[in-house]
Amino acid sequence: MVGRSAPPAHLAVRGIHKRFGGVHALKGVDFEVARGEVMALVGDNGAGKSTLMKVLAGALTADEGQFFLDDRPVGVNSPNDAAALGIQIVYQDLALCENLDVAANLSLGTEPVKPGWGFLPRLLRPLDELEMEVRARSAIDRLEVRTLQSVRAKVGGLSGGQRQAIAIARAVGAQSTVVMLDEPTAALGVAQTRQVLEVVKRMRETGHAVVYISHNMRDIFEVSDRICVLRHGSNVATYRTADTNPDEIVVAMTRGLDPSTSDAA
Amino acid sequence: MQPDARLSLLDRFRALRRTQFGTFVPVLFALAVIWGYFGLVMPLYDLATGAADSFRVIFLSPRNIYNLFMQSSVIATLAVGITVVLLLGDIDLSAAATAGVCAALLGVLVLAGVPGWLACLIVMAIGTLMGLAQGLLVAYVGIPAFVVTLAGLLGFQGLMQKILPTGNLNVSDPFVRGFARVLIPDLWGVALGIVVVALFAYGSLRKQMKRRARGLEIDSPLALWGQVFLFGVIVISVILTLNAYRSLPLLLVLLVGITGLLGWITTSTPFGRALFAVGGNAESARRVGMKVKRIRAAGFGIVGLMAAIGGIFGASRYGSVSYTAFAGGSLLLEAIGAAVIGGTSLFGGRGSVWNAILGALVIGSLGNGLDLTGASAADKLMVSGAILLLAVAIDAVSRGDSAGSR
Ligand SMILES: Nc1ncnc2c1ncn2[C@@H]1O[C@H](COP(=O)(O)OP(=O)(O)OP(=O)(O)O)[C@@H](O)[C@H]1O
Ligand SMILES: [Mg+2]
């Protein structure tokens, strides 16, 4: 389905199946993304985009399917597996802890600890709070979230857009090669959305493999190199952004592939 | 004048709550009200109505304060443990029964000739296992904590009756009795207090300097020195008051030490951060790779350990183990009440073990004060209920922003 000129895939999955009880959310989906590329993932509500992202991030385990990183088969059965492979994600529901402050959320699960306490298990070593705040500051500054007063503010007291910015900062701040953003701009204002699109472009330039989910066709056509269309938990097709147009994508999303355009690539 | 200056009282109160020491405000307030009532208002009233011919300092006398602290210590020990599971968003109804089983076992073991220190270690291990077993059921089998620990409560109550068929056992082992009996000499107690306050001041100051060096936002000097001053005044005046009657009991030093350790673990280690994260949003915690199940189970293990320690402290203080003092009495509800009065949320992710100690003091003061005024058991229950409700209401109102959603 992918054109000959497609770059070699960095992360690829084949034949992913995922069932939730009676709901067959993913029916043998293939997906791939290359380094230095922005792959857009589109589909109607309930098409299975978020489910596919969660499977890639290890938050859900696929019922069937294979994972490849640079053509090497890998297993992704937990969020730790994914993080170890350099996969980071901004979840659609953000997955922040509202009772913790911004700095704590940004380093959740990867808290820095002070050196010199090696005799204790890692879970019981003292946190390096200052390092945490320094990192948080630089991650926030990179996204230029100017309305955020303090990295010590509790996330529960922030606006929806500020929270989204923090979730994005967490994913792009970590050591990663693959960054997946699930509707990252849904709650953002015009200026913040621009900021996120700039961040996405910058990540492409630094050789990241970026997956970008959105319902906004303008944003998608602005940042993406390829567009993968899902419908009812199956692939429709993958288009090169330069060779297609929003109308064609919308038709593919809502009605599937017209026989006459089935050779689109 | 300026619109900013016209903050309503409630807004100011909420702003205060958001500061680092703000979480202590409601419980300290409750404590001040109760002490003021029993210590000042009641004697003055008696004086005015002629019921007493002089101002009688009973409640706030060093002797009574000493007893108050000792009475509250078992509740506090359990409340500190329960706070840990409350942070996770779970609850442990079996803590008092676990304490009872551990205390009963302790009594039986020392009676059988096991050395006191070994018996203590054994029951601490058993308490931890009892908590951990329930934690495994909650975390790995997925049974709600309420149900598991309710079953634990019933089962352990029965178990305690099995261990103590007569319902009562005297404990005279000198090691076990020592916790409540050993007193730190007056001078040593004061020295210990000064060292602790100095360390606190040094730690705060060092943190401030490091923050400045790394260009991070810093607390105002007023807040910093205010904290150190308040902390110092509380520590030193408590020690001096206890010295005025007897001396600082070892039991209180141990309780504060253990609470300090748990306080440090819950706020300053990745494990503690995980406790808060799981309580705040368990799914987020899972998705960032935290071992949510293990952390849950560990939390219950910690309550079990604290319950065992509470059992040891109780046996040490009373010199006996009785069914009604632990499993069958009001200890459980008092301990949960203490944690909640301290400001720990029942919904998880918010609270502190230090507040549990203050909450235990509130509960203890209330019981003690009502006892002094000759109130009946019925009065005590009703007043305790009202205070619990009031404390939670203060918490909900002062939190404001999230009161609706949580
Ligand atoms: N945890 C779950 N339990 C049961 N069904 C689920 C679960 N998560 C997703 N589904 C189902 O899987 C299907 C795909 O959902 P998914 O969230 O992946 O859609 P989506 O493409 O991200 O939609 P949207 O654009 O609205 O975000 C839906 O039918 C949904 O009901
Ligand atoms: Mg979605």
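The side chains of E32(A) and R14(A) form a salt bridge, with N and O 3.7 Å apart; a salt bridge here is a side-chain nitrogen of Lys or Arg within 4 Å of a carboxyl oxygen of Asp or Glu. The model is predicted: local features need pLDDT of at least 70, side-chain atom pairs count only at pLDDT 80 or more, and totals for chains, interfaces and linings use all residues. Residues are numbered from 1 along each chain as its sequence is written, chains are lettered from A in the order in which they are written, and side-chain values use heavy atoms, without hydrogens and water. Over all chains, the count is 19 salt bridges.

- E32(A) lies in strand β2 (residues 23–33) and R14(A) in strand β1 (residues 11–20) of chain A, so the pair ties together parts 18 residues apart in sequence (strands are DSSP runs of E, at least two residues; helices are runs of H or I, at least four; both are numbered from the N terminus).
- E32(A) is buried at 12% relative accessibility, whereas R14(A) is partly exposed at 33% (buried means under 20% relative accessible area, exposed over 50%, partly exposed in between, with a 1.4 Å probe and protein chains only).
- A network of salt bridges links R14(A), E32(A), E37(A) and R226(A).

**Between chains**
- E131(A) and R214(B) form a salt bridge, their closest N and O atoms 2.9 Å apart.
- E131(A) sits in helix α4 (residues 129–143) of chain A and R214(B) in the loop between α8 (186–213) and α9 (221–245) of chain B, so this pair joins two chains.
- E131(A) is partly exposed at 22%, and R214(B) is partly exposed at 38%.
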